[in-house]
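Here is a colleague's note to read with the structure open.

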Amino acid sequence: MPELPEVETIKLQLEKLIVGKEILAIETDTPKMVQPSVSIVQKVTDPKDDWQRIIVSLSGGLELRFADLRKFGWLKLITDNTELKKILGGYGPEADKVTLKEFGEILAKTSRPIKVVLMDQATISGIGNIYAADALNLAKIDPRRPAKSLNSGEEKALQEAILKVLKLGIKFGGASDQFYLDALGAKGHYQDHFLVYNRQGEKCFNCGSPIKKIRLAGRGTYFCPECQK
Ligand SMILES: [Zn+2]
């Protein structure tokens with residue numbers, strides 16, 4: 001799943017390129033991914049990418065192409081603010097904008113494992129498996145701890161760690177350990193700077209102990225049992 005740094009990287013790139021451009025045509029081979037309906041084609045083809053689903057032709061000769069292997073994404077024309085608010089209402093505050101007070105209140109409400117809470121988009125949005133693991137390592141907190149068990153010092157340390165890893169993620173253009181490419185088709189480089197994510201058996205940068213991998217709520221979870229308590 002793209003997390004905040006990947007989405008932010010693409011947003012910043014697209015902002016410069018497409019804001020103010022006129023949409024001339026939209027075509028797709030997957031009608032359920034576009035609302036309202038647009039011209040349907042048999043197959044959107046691109047020699048460089050098998051997963052192209054939607055092509056938006058823009059003024060100035062630009063094309064915005066949407067690739068999505070699993071067809072979970074969508075494109076929607078929104079004409080009024082009420083509808084936008086309704087969509088955004090399904091998400092918690094953005095991870096880089098939540099205040100320490102809000103963050104504390106969110107954590108105090110639940111005894112679910114802290115990593116699971118961080119990754120729940122309806123609670124806090126923008127953090128997925130990669131940045132949750134790295135932020136918890138930086139804050140020296142065990143991913144399995146019940147969220148409400150964190151004291152105020154740990155909440156503060158975790159919030160600061162989240163901001164730090166998200167900022168690093170944006171600085172390196174996101175993480176391309178799997179399929180992620182930015183708006184211009186380039187890879188990000190945060191995968192070269194993972195703290196614990198995908199580093200099972202390697203040394204923790206805090207204390208030198210080996211990183212362990214466990215499963216938590218069905219997801220591979222990397223942490224250092226020595227310094228994350
Ligand atoms: Zn450690």
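This is a predicted model: local features need pLDDT of at least 70, side-chain atom pairs count only at pLDDT 80 or more; totals for chains, interfaces and linings use all residues.

1. **Gln159 and Val98.** A polar atom of the Gln159 side chain lies 2.8 Å from the backbone oxygen of Val98. Gln159 belongs to helix H6, which covers residues 152-171.

2. Is Gln159 buried or exposed? Its relative accessibility is 14%, and because buried means under 20%, Gln159 counts as buried. Leaving out residues up to four places away in sequence, Gln159 touches Val98, Thr99, Leu100 and Phe103. Asp96 is 63 residues away from Gln159 along the chain, yet their C-alpha atoms are separated by 8.8 Å.

3. **Helix H3.** One of the residues that Gln159 touches is Phe103, and Phe103 is also among the buried residues of H3. The buried residues of H3 pack against H4 and H6.

4. **Thr123.** Look next at the loop between helix H4 (114-118) and helix H5 (129-138), where Thr123 is found. Thr123 is buried, at 17% relative accessible area. Which residues does Thr123 contact, apart from neighbours within four places in sequence? They are Gly92, Pro93, Ile106, Arg112 and Val117.

5. **Helix H5.** How many of the 10 residues of H5 are buried? Nine are, so H5 is largely enclosed by the rest of the structure. The buried ones are Asn129, Ile130, Tyr131, Ala132, Ala133, Asp134, Ala135, Leu136 and Asn137. They pack against helix H1 (4-18), H4, H6 and strand E8 (219-223). Just after H5, Lys140 takes a positive phi of about 60°.

6. **Strands E7 and E8.** E8, one of the packing partners of H5, is itself mostly covered, with four of its five residues buried. Strand E7 (residues 212-216) pairs with E8 in the antiparallel sense over five bridges. Across this pairing, Lys213 stands opposite Tyr222 in E8. Two residues lie between the strands of the hairpin, and Ala217 takes a positive phi near 50° there.

7. From an unreviewed entry, UniProt places the feature "domain: FPG-type" at residues 195-229. In the model, this span is 0% helix and 29% strand. Its end C-alpha atoms lie 16 Å apart.

8. **Cysteines.** How many disulfides does the structure hold? It holds zero. Cys207 counts as partly exposed, at 37% relative accessibility. Cys224 counts as buried, at 0%.

9. **Strands E4 and E5.** Another hairpin deserves a look. Strand E4 (residues 52-58) and strand E5 (residues 63-67) run antiparallel and are joined by five bridges. Val56 stands opposite Leu64 in E5. This hairpin has four residues between its strands, and Gly60 takes a positive phi near 85° in it.

10. **The whole protein.** Step back to the overall fold. The protein has six helices and eight strands. Read along the sequence, they follow the pattern α-β-β-β-β-β-β-α-α-α-α-α-β-β. The C-alpha trace spans about 55 × 40 × 30 Å along its principal axes. Of the 229 residues, 39% are buried. Among contacts between residues at least 6 apart in sequence, 56% join residues at least 24 apart.

Terms used
Residues are numbered from 1 along each chain as its sequence is written. Side-chain values use heavy atoms; hydrogens and water are left out. Buried means under 20% relative accessible area, exposed over 50%, partly exposed in between (1.4 Å probe, protein chains only). Contact means heavy atoms within 4.5 Å. A polar contact is a pair of N or O atoms within 3.5 Å; within protein, one must be able to donate a hydrogen and the other to accept it, and residues adjacent in sequence count only if both atoms are side-chain atoms. UniProt positions are given in the numbering used here, feature names are shortened, and annotations may be inferred rather than shown by experiment. Two strands pair if DSSP finds at least two bridges between them. A disulfide is a pair of cysteine sulfur atoms within 2.5 Å.
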